[in-house]
Amino acid sequence: AYWDGESVNFYVGNDSCSNAGEIASVVAHEWGHGMDNHDLVGDISEPSGEGIADIYSSLRFNDSCVGRGYFKQGRTCRIGNDQCLECTGVRELDYRKTDLQSRHTLTWALQNCNGSLHCSGIV
């Protein structure tokens, strides 16, 4: 799924991933990009807006697992080199629910995210 600056777009599912457009948390995340682009401040979380979009989704559904149910067959998400313990979505925002249980700080992101905006946005 992605926000293109004007609309929310989704991919269909396959054997390993569910249809992103059918997962409310993913819809809320992408909608969050639109909110970020068009709010009073405008692009509050440059350069990518991933962090604020995750927060919108997490708050909307009271769930630290963004996109729960996206991965099929019991697969869990991975954030850099940190494996999620039970989140079957795209990201787990609660570091205590990952195998390293290490706070995702800027220093952590610089060491573990290899420049990935989705991983760095977790800070």
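Are Cys65 and Cys87 buried or exposed? Select the two residues in this predicted model and the answer is that both are buried. A disulfide joins Cys65 to Cys87, with an S to S distance of 2.0 Å. The torsion about this S-S bond is 75°, and the link is right-handed. Trace the chain between the two partners: Cys65 lies in strand β3, whereas Cys87 belongs to the loop between β5 (82–83) and β6. The pair, 22 residues apart, thus links distant parts of the chain.

Next, select Cys77 and Cys84. These residues are also joined by a disulfide, with S to S at 2.0 Å. Because the torsion about the S-S bond is about -90°, this disulfide is left-handed. Cys77 is buried, with a relative accessible area of 1%, and Cys84 is buried at 3%.

Move on to Cys113 and Cys119, which a disulfide joins at an S to S distance of 2.0 Å. Here the value about the S-S bond is -60°, and the link is left-handed. Both Cys113 and Cys119 are buried.

Now display the bonded cysteines together. The count comes to three disulfides. When the bonded cysteines of the protein are numbered in sequence order, the pairing reads 1-4, 2-3, 5-6.

Finally, select helix α2, residues 50–61. At 1.5 Å a residue, the 12 residues of this helix should span 16 Å. The C-alpha atoms at its ends are 17 Å apart, which agrees with that expectation.

Colour the buried residues of α2: Glu50, Gly51, Ile52, Ala53, Asp54, Ser57 and Ser58. An α-helix has 3.6 residues a turn, so residues three or four places apart point the same way. Within the buried set, Asp54, Ser57 and Ser58 may be viewed along the helix with this in mind.

End the tour just after α2, at Asn62, where the backbone takes a positive phi of about 50°.

Definitions and conventions. Residues are numbered from 1 along each chain as its sequence is written. This is a predicted model: local features need pLDDT of at least 70, side-chain atom pairs count only at pLDDT 80 or more; totals for chains, interfaces and linings use all residues. Side-chain values use heavy atoms; hydrogens and water are left out. Helices (H or I, at least four residues) and strands (E, at least two) are DSSP runs, numbered from the N terminus. The expected span of a helix is 1.5 Å times one less than its number of residues. Buried means under 20% relative accessible area, exposed over 50%, partly exposed in between (1.4 Å probe, protein chains only). A disulfide is a pair of cysteine sulfur atoms within 2.5 Å.
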